[in-house]
Protein chains: 2
Amino acid sequence: MTTLNLDALFAPRSIVLVGASERPGSVGSVLARNLMDGGFTGELMFVHPRGGEIHGRTACASIGDLPTPPDLAVIATPAPAIPGLVAELGAAGCRAAIIISAGFEDSDPATAGLRRDLLEAARRSQIRLVGPNCLGVLSPGHGVNASFAREAAPAGDLALIAQSGAVAAAALDWAPAHGLGFSHVVTLGDSLDVDIGDLLEQLADDPSTRAILLYVESLRDAPKFMRAARRAALAKPVIAIKGGRSAAGAKAAFSHTGALAGADAVYEAAFRRAGVLQVESLDAFLDAAATFSRTAADPARTLAILTNGGGAGVLAVDALERHGGALAQLSPDTVARLATIAPAHWSRGNPVDILGDAQPAVFGRALETLMAAPEADAVLILNCPTAVADSTVAAEAVIAAVRAADRGKPVFTSWIGETSQAEARRRFAAAAIPTFPTPESAVRGFAQLTRVEALQAQLRAAPADDGPAVDVRAARAIVGRALAEGRTALTPPEVSVLLSAYGIPALPARIVATPKEAGEAAADFAGPVALKILSRDISHKSDVGGVQLHLSGREATAAAAQAMLATVARLRPEAAVEGFLVQPMIVRPKAQEILAGLVRDPTFGPVVMVGHGGVAVEVLADRVLGLAPLDLALARDMIGRTRVSRLLAGYRDRPPADLDALAAVLVALGRLAVDLPEVAELDLNPVLCDETGALAVDARVAVRSPGSPPL
Amino acid sequence: MTTLNLDALFAPRSIVLVGASERPGSVGSVLARNLMDGGFTGELMFVHPRGGEIHGRTACASIGDLPTPPDLAVIATPAPAIPGLVAELGAAGCRAAIIISAGFEDSDPATAGLRRDLLEAARRSQIRLVGPNCLGVLSPGHGVNASFAREAAPAGDLALIAQSGAVAAAALDWAPAHGLGFSHVVTLGDSLDVDIGDLLEQLADDPSTRAILLYVESLRDAPKFMRAARRAALAKPVIAIKGGRSAAGAKAAFSHTGALAGADAVYEAAFRRAGVLQVESLDAFLDAAATFSRTAADPARTLAILTNGGGAGVLAVDALERHGGALAQLSPDTVARLATIAPAHWSRGNPVDILGDAQPAVFGRALETLMAAPEADAVLILNCPTAVADSTVAAEAVIAAVRAADRGKPVFTSWIGETSQAEARRRFAAAAIPTFPTPESAVRGFAQLTRVEALQAQLRAAPADDGPAVDVRAARAIVGRALAEGRTALTPPEVSVLLSAYGIPALPARIVATPKEAGEAAADFAGPVALKILSRDISHKSDVGGVQLHLSGREATAAAAQAMLATVARLRPEAAVEGFLVQPMIVRPKAQEILAGLVRDPTFGPVVMVGHGGVAVEVLADRVLGLAPLDLALARDMIGRTRVSRLLAGYRDRPPADLDALAAVLVALGRLAVDLPEVAELDLNPVLCDETGALAVDARVAVRSPGSPPL
């Protein structure tokens with residue numbers, strides 16, 4: 001497949017609309033009008049089987065009649081004819097087509113096979129397709145409005161890629177009122193050909209795009225997405241909102257796009273790894289658009305707050321602490337300067353409360369001081385309406401102070417209210433200063449700035465080759481033998497070899513067939529042992545009395561094994577018992593039980609997980625995922641995001657656990673996941689973590705032949 | 001003190017402004033204009049020492065010259081004269097005064113003592129005071145605008161009580177643009193006299209108030225607040241936003257109002273107990289105002305979503321799941337009806353996606369069907385702008401369908417975007433249908449409705465007398481003796497008696513002085529014992545080797561005690577050792593360690609807590625607080641909100657713990673807290689909880705004489 005040509009899609013020299021119409025309210029008519037009104041300066045042609053005039057332009061009866069080869073085609077005719085049209089367009093020299101029409105369902109007998117025909121026609125003709133079933137594409141800077149959106153996008157520096165025409169339409173409708181515009185807006189519809197990855201790759205280098213917004217429901221080509229998203233996120237902020245995060249939402253998304261929205265936690269891990277800022281809600285998404293259209297990502301750590309209302313300052317500080325941000329500690333010098341500006345009863349600290357009767361000039365002069373104060377990385381200015389000072393004039397004083405500042409630092413504003421504040425908001429928008437309706441949303445904007453900077457810093461860090469020295473050959477042999485024998489799980493001794501090949505510290509294990517042999521194995525280990533039943537039919541051994549701990553010596557162990565056989569026979573009479581596992585008893589009473597493992601996601605592939613371990617993992621639900629492979633920095637970051645990490649950090653008489661040892665286990669799991677695609681699932685639970693290191697005590701490894709269906 | 005007379009404050013027959021002015025931009029001038037423009041039909045008088053005309057009205061030179069006794073005085077003169085003015089006003093028959101002026105700081109030598117003088121003058125004159133240092137009071141329905149707010153409040157059915165003039169000013173500025181109005185707005189300033197409790201008590205019965213909004217930074221008279229808030233919340237929704245929730249925010253609030261904002265978790269417990277809906281952010285606060293001005297609290301459980309945009313529906317479903325709400329499962333009958341209305345490719349389920357080209361009439365007819373569907377308790381309608389259908393006409397169709405519906409059910413709308421949607425939002429506001437800028441905020445509105453209903457249901461439930469049969473006399477004797485001996489902690493045997501007096505199951509304990517006696521005690525108990533060091537100097541015994549478990553028999557126990565003495569002497573040579581505690585060893589390996597206890601909050605008094613127990617309680621930070629006393633229903637609700645409750649519910653081979661036994665412990669603690677104010681703090685950690693019950697294994701009780709300073 002040819003690489004998508006950005007020019008043909010976003011900056012065509014000629015466009016043909018196939019299916020132009022004059023019928024009021026029809027999609028073909030709205031498309032024709034939007035194309036004509038978009039300011040396109042190249043050649044715009046209409047095709048309609050009956051020819052004639054459409055909206056005052058001569059329409060060609062067929063593609064063969066076109067006077068000029070079209071760079072871009074927009075197609076709004078009924079679906080069945082479209083594969084043929086695409087072939088004709090290819091012959092006429094067309095390079096990209098936007099299929100607005102729906103009606104390509106394979107589940108409908110009338111249209112079954114049409115998707116395949118369309119894709120084949122496009123590939124043979126070397127035409128890239130957007131859609132089908134989409135709202136279209138807008139590139140206002142190039143005069144292209146190839147959409148049936150209600151609002152034309154004003155030109156600007158945001159790119160929007162949406163797997164929902166509705167979300168794109170809402171954003172287009174919202175933007176002009178906030179002084180924002182777009183470089184390119186692409187709605188993807190069914191993403192039969194062009195997908196988010198293709199577009200990210202192109203937009204990464206697009207100088208007219210300052211930030212990229214994504215509405216994502218599901219991804220198909222995850223490697224392409226990850227590659228393109230990382231590249232784009234290194235160059236500019238990429239902000240995503242994910243639809244279908246909840247189980248019910250995923251079902252709704254499936255009914256919406258026919259694609260099953262993926263496991264939410266894996267998407268979250270993927271966005272994070274790719275350096276994409278994921279936001280929670282549509283208002284956070286739109287606010288982020290406004291912020292990043294005006295402000296670059298910034299390593300700002302400390303925030304100074306200037307306010308004429310104490311309560312507004314308090315709410316901002318609460319929000320700042322929720323987001324983990326820090327209030328700037330004003331220097332004595334700054335406080336002294338502010339004291340010469342502010343009224344007598346000002347707050348003498350941060351928030352800088354200049355009180356309700358503060359005149360506009362006080363806003364301006366106090367802001368000048370804060371812009372010059374090195375201890376404040378960013379400034380938030382809050383205004384509550386008062387009868388004694390004009391909010392709009394205060395906004396102008398702020399705008400002037402921002403413009404005059406020697407040292408640019410991020411500035412956020414919130415003129416709280418509506419009636420007296422709307423004009424100030426318009427002026428901030430016109431002056432390209434981020435403005436928000438409430439103190440909390442302004443603080444969220446500040447937090448997003450810092451967060452994007454942290455994500456980019458992670459992308460800029462060269463990945464360290466932190467992997468262990470591994471014996472891939474030994475590992476492959478173990479896994480290959482299990483598969484050759486038709487097994488889907490490794491035996492405990494095989495697991496031991498596998499973990500040791502990847503340098504993962506694990507408890508030694510002996511497998512025995514009878515209670516008598518169990519007693520002998522116990523005698524061989526110095527000290528007490530743990531005894532576990534071996535049965536493929538029993539996955540949770542402790543639930544059926546299949547685990548006995550602290551057994552000392554030959555007799556006690558043999559007796560316990562005998563008793564265990566009886567209990568298991570009673571509770572699970574159908575289970576085939578293969579023998580026993582004997583392991584030295586590990587007594588690390590102050591160690592924390594951790595879960596570490598790997599799973600494979602159908603979209604994103606191998607995923608490493610870490611969290612609170614033990615028997616209650618499902619209930620605790622404390623897991624953090626990371627895409628494999630990992631380096632130590634990424635692994636430490638994952639550990640830091642678990643709740644159990646607070647316990648690992650030590651408390652009371654527990655020294656901090658050796659987090660590097662645990663991180664090394666995660667890195668090894670990531671390497672193993674990449675090396676051995678046959679390992680479908682691997683669970684280490686518990687990994688005992690304390691100050692002496694990390695030790696895997698129990699492990700389960702599921703294998704499957706590559707290409708076989710997922711477990 | 002006399003009860004606040006609502007009429008004098010909110011519906012005065014005559015008002016005097018003391019400190020009226022014509023100086024442009026002065027507070028006295030804005031107050032005069034606001035009072036004149038408010039539509040007040042009673043007698044409005046101005047006082048200014050120079051007399052003359054102010055804004056065209058004759059001003060009296062002194063209060064003695066007033067032609068009519070003023071019901072209400074508004075005072076904006078410099079602080080030092082105000083106590084005298086209040087005395088004069090009292091003599092003139094005034095019953096309430098709003099002190100706008102600031103300048104009553106006791107920390108300023110020039111004004112020290114002025115607060116006291118003011119309060120005394122008011123009490124002697126039987127005048128109730130609002131303020132000082134406030135924005136004023138508005139009662140638009142009575143033509144009263146006794147404030148220097150920029151925007152006059154339109155009359156309406158919301159009451160707002162704010163400990164921040166800025167937040168009130170912002171709300172006043174915001175409301176008219178959203179078609180909302182106020183019955184009463186009171187800003188409290190320093191709350192020297194009238195406080196939130198007073199106002200809630202009055203507004204509970206005010207027929208012109210449909211919902212009450214509170215901005216709270218700190219409360220002083222908690223019992224009054226709780227009483228009044230419960231009464232008000234039973235009658236109408238009470239929504240609160242708390243400023244100063246974070247540590248930094250509390251500090252900012254202190255600098256703002258001079259009152260230390262209280263422990264956030266205790267406020268949260270208090271609001272919940274009082275039936276007050278606490279919201280997180282200013283936009284949730286304002287959205288709630290809009291919702292409850294138009295819709296009553298409702299036990300709605302299931303939501304139907306009608307949308308013309310798939311992506312918008314997906315985002316709404318995600319938000320619904322985050323809030324714990326449920327999608328209505330449409331009946332076959334409803335689906336069949338919708339199928340006759342919706343276009344061919346509609347979603348055939350909930351969300352009801354009628355697709356982007358849905359005409360307004362389809363919105364109306366589909367909504368009629370959903371309003372009639374018994375399986376949907378409430379309906380959310382989403383609209384994304386499209387070029388083929390007019391959003392405003394669609395809004396009108398929705399408004400008509402809501403009006404025509406036989407069966408009222410809560411309806412929420414979100415017309416997403418701005419340019420094409422603003423008019424529809426205005427029409428929804430005019431039609432009193434809640435409308436929100438995003439799907440997520442609309443779903444939050446639905447969740448608030450349900451939440452308020454649940455809070456009210458809790459208030460309506462008669463509190464059960466679930467308390468244990470207690471022996472208060474025995475408990476008092478124990479505590480009294482400890483205090484008489486000048487101790488601040490109970491000894492373990494005293495703790496045993498105290499817990500037993502309140503029916504709290506606890507492990508027996510023997511105190512011994514020497515290792516030899518420890519051995520004897522161990523011999524007396526059947527089975528293994530636990531041995532703990534006894535020392536007032538050591539609060540965390542296990543940190544210094546002061547706990548030994550699983551000791552069997554006389555010799556082992558005596559030897560362990562001897563060794564313990566040596567270890568403690570080495571690690572904590574300064575600690576005085578009083579002896580040992582010997583307890584039967586409890587082996588409940590599958591029991592969960594729970595923390596239960598009581599503390600006393602300086603504002604709200606006795607507070608019961610429950611959460612994850614064990615040695616890592618500080619790190620786990622899993623605690624839920626409830627104000628004492630409790631009944632079993634409240635105690636169960638508290639347990640249900642801990643994270644550890646997921647473990648108590650049972651998993652794998654662990655049967656569910658006996659939650660009623662744990663709830664009974666909490667109820668007993670609440671009773672103890674109320675009966676024995678001398679018990680300053682009580683910690684049960686751990687309480688072992690399993691299917692056989694709850695057993696306190698270790699306990700600490702701190703006592704102090706009532707009236708002594710907090711620990």
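Reader: Which residue is the bridge partner of Ala155(A) in E11(A)?

Author: In E11(A), that's Phe182(A). Keep in mind that this is a predicted model, where local features need pLDDT of at least 70, side-chain atom pairs count only at pLDDT 80 or more, and totals for chains, interfaces and linings use all residues. Residues are numbered from 1 along each chain as its sequence is written, while chains are lettered from A and ligands numbered from 1 in the order in which they are written.

Reader: What makes strands E10 and E11 of chain A a pair?

Author: Two strands pair if DSSP finds at least two bridges between them. E10 (residues 155–162) and E11 (residues 182–187) of chain A are joined by 6 bridges, so they pass that test. The two run parallel. Strands like these (E, at least two residues) and helices (H or I, at least four) are DSSP runs, numbered from the N terminus.

Reader: Why is one side of E9 and of E14 of chain A left without a neighbour in the sheet?

Author: The sheet is an open one of 7 strands with mixed pairing, in the order E9-E8-E11-E10-E12-E13-E14 (chain A). E9 (144–147) and E14 (277–279) stand at its edges, and each has a single partner strand, so one side of each has no neighbour. Direction ignored, neighbouring strands are turned by 20 degrees against each other on average.

Reader: What packs on the sheet?

Author: Helix H6 (residues 196–204) of chain A does, touching E10, E11 and E12 (211–216). Its direction makes about 175 degrees with that of E12(A). Axes are lines fitted to C-alpha atoms, for helices over the stretch in contact, and angles run from 0 to 180 degrees between N-to-C directions.

Reader: Why is Ser191(A) called buried?

Author: A residue is buried if 20 or more other C-beta atoms lie within 10 Å of its own, exposed if 12 or fewer, and partly exposed in between, with C-beta atoms placed from the backbone. Ser191(A) has 24, so buried is the word. You'll find Ser191(A) in the loop between E11 and H6 of chain A, with a positive phi near 50 degrees. Most residues other than glycine have a negative phi.

Reader: What makes the relation of the chains that of a two-fold axis?

Author: A rotation of 180 degrees, with 0.1 Å of shift along its axis, superposes chain A on chain B (RMSD 0.1 Å). Copies are superposed by least squares on the C-alpha atoms of residues with pLDDT of at least 70 in both. Asp283(A) comes closest to the axis among the residues of chain A, at 5.5 Å (C-alpha).

How values were computed
Contact = placed C-beta atoms within 7 Å.
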